[in-house]
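Hi,

Here is the structure I promised to pass on to you. Have a look at it first, and then read my notes below.

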Amino acid sequence: MESVSVGVLSLLPPLIAVVLALVTREVFSSLIIGILSGTLIYTLKTDGNVVVDTVQTAIKVMGNKFDLNIVLFCSLLGALVYIIYLAGASRAYGDWATKKIKGKKSALLSTSALGAFIFIDDYFNCLTVGTVMKPITDKYKISRAKLAYIIDSTAAPICIIAPISSWAAAVGSNLKTTNAFESDIGAFVSAIPWNFYAILSLIMVVIVCLFSFDFGPMKKAEKECLDGVEITNDTRDESFDKVKRNGRIFDMVVPIFVLIGAATLSMLYTGGYFGDDTAYHSLGAAFGNTNSSLSLVLGSVAALLVSFVMLISRRVLTLKEYMDGFIRGVQSMIPANMILTFAWTISGVTRDLLQAPEFISSIVQNDLAFVGAILPAVIFVIAGFLSFSTGTAWGTFGILIPIVVMVANAIDPNSSELVIISLSATLAGSVFGDHCSPISDTTVLSSAGAGCVHIEHVYTQLPYTAIVAACSFVGYAVAGVTHSFVASFLTAFALMIVSVIFIAKRAKAK
């Protein structure tokens, strides 16, 4: 299917989906309506049959954008989680962790630390942290919404500032196309300190964990959890499946470590680290060339095989119980897989059919009247808006990086500072939009990993992301004028602390 240029109408499908999702709190119908509105615009533009071609185009885009490896990984991880649960290992781990992790604050900090530790891939981060920490956070009556926020706020932000990650590889491949840097990885590393949104998001998580900084919808979610009325998306039914009591902690810990180790080795393998081409015999090059989604599937298969041997050989589960748990675990991930599929589809309609990125980028590319003083802040807003609308950070910085580098060089050809600051603003804005977008796959996986209702996760974390984004915007405004990291970062950081103190005092006064 050939794409068409429809100008500002290209932003209508994601806008419809987002508004409907926020108003109705029902994400499936909102995404479907958004998809069909986009294919309807495409059909009218190409003079097709309004009914038949609108639906047919939506189905074709869905087929083209469907990522089998990611769906397999989510399904297999759901199966692993459910099997661990049936074996009683989750309960045993929760009992043990409760003795070791003393109190709610320690549980929250442990969750954020684990999220920061798994920096290889955000998909891997979202589901693994949720799997490991959910029994502990449940024990201390931490709401699923807060768990989802912590997962989401450490997944993409830590990946975008880690030199060895799937995100760094994606950024590096886009930097390479610009031919503007002697070292692509060097340029990426130089931009890390300037990524205010990612850094401040991680700091905000620590503040939330240390000081129970709850306000807005999150405060309500925490109260509902304490009162025992919280609604989750867990599909486990303890009246149907009898949880075993002879499962041990290592029945959970060993498969999770196998998952992490096997996924990492698979990333190196698919990236060519063990191959004949010496160009990929370094960690950075291998991770840059890896097939992360396939590697995650291989890692989850290895973890399931290990759990099978451990549980069946010791008769913790019978073969029938294991396979029943496998099926029910896959079934538990159907809602998340559906949302992912619809999110990919609406992104494909917006990006590939209606040329939304080209429309956004033309606004920047054709207007070099942007002076260097406001360029980073403007780029941050544009990247955030595009990423929020399309639900993809990778697609956003993939489109914007070549344009941003060109514009920054045109404005200030004698210095690399503006280029690096603008590059970091692009990455930060992309993460911001992806972080809070209801149609982002990372947002979906965070809510799935935490067992939180998806739209509840979007609602509860939005005020926190808005604070961090506003402070980051001010930081980039200062950076554009001063080119000083110290002045710009301290301004953004101080503003965030003042905002937190103000909101906390106001909430306490109420």
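**What I found**

Of the 510 residues in the protein chain, 54% are buried (buried means under 20% relative accessible area, exposed over 50%, and partly exposed in between, with a 1.4 Å probe and protein chains only). Before you go further, a word on the ground rules: this is a predicted model, where local features need pLDDT of at least 70 and side-chain atom pairs count only at pLDDT 80 or more, while totals for chains, interfaces and linings use all residues. Residues are numbered from 1 along each chain as its sequence is written, and side-chain values use heavy atoms, with hydrogens and water left out.

**The overall fold**

You'll see helices in the protein chain, 24 of them, and zero strands (both are DSSP runs numbered from the N terminus: H or I for helices, at least four residues, and E for strands, at least two). Take the contacts in the chain with a separation of 6 or more: residues 24 or more positions apart account for 80% of them (contact means heavy atoms within 4.5 Å).

Now for the inside. The largest nonpolar core has 148 residues (such a core is a set of buried Ala, Val, Leu, Ile, Met, Phe, Trp, Tyr and Cys residues joined through side-chain atoms within 4.5 Å). Helix α4 (residues 68-86) gives the most to this core, 13 residues. Ile160, Met204 and Phe213 have the most contacts inside the core. What does Phe213 touch, leaving out residues up to four places away in sequence? Its partners are Met204, Ile207, Val208, Tyr464, Val500, Ile503 and Ala504. As background, nonpolar side chains in soluble globular proteins tend to be buried together.

The buried residues of α6 are Ala107, Leu108, Thr111, Ser112 and Gly115. They cover an arc of only 130° around the axis, so they sit on the same side of α6 (the arc is that of the directions from the helix axis to the C-beta atoms).

**Salt bridges**

How many salt bridges does the structure hold? There are eight (each one is a side-chain nitrogen of Lys or Arg within 4 Å of a carboxyl oxygen of Asp or Glu). In one of them, Asp352 meets Lys65 at 3.3 Å, N to O. That pair links distant parts of the chain, 287 residues apart: Asp352 is in helix α17 (residues 334-353) and Lys65 in helix α3 (residues 52-65). Asp352 is partly exposed at 38% relative accessible area, and Lys65 is partly exposed at 26%.

Another bridge joins Asp214 and Lys146 at 2.6 Å, N to O. Here, Asp214 is in the loop between α11 (196-211) and α12 (217-226), while Lys146 is in helix α8 (residues 144-159), 68 residues away. Both Asp214 and Lys146 are buried. They also belong to a salt-bridge network with Lys104 and Glu222.

Is Ser143 buried or exposed? Ser143 is buried, with a relative accessible area of 0%, and lies in the loop between α7 (122-139) and α8. Its side chain reaches the backbone nitrogen of Lys146 at 3.1 Å. The Ser143 side chain also makes a polar contact with that of Glu222 at 2.5 Å (a pair of N or O atoms within 3.5 Å; within protein, one must be able to donate a hydrogen and the other to accept it, and residues adjacent in sequence count only if both atoms are side-chain atoms).

Cheers
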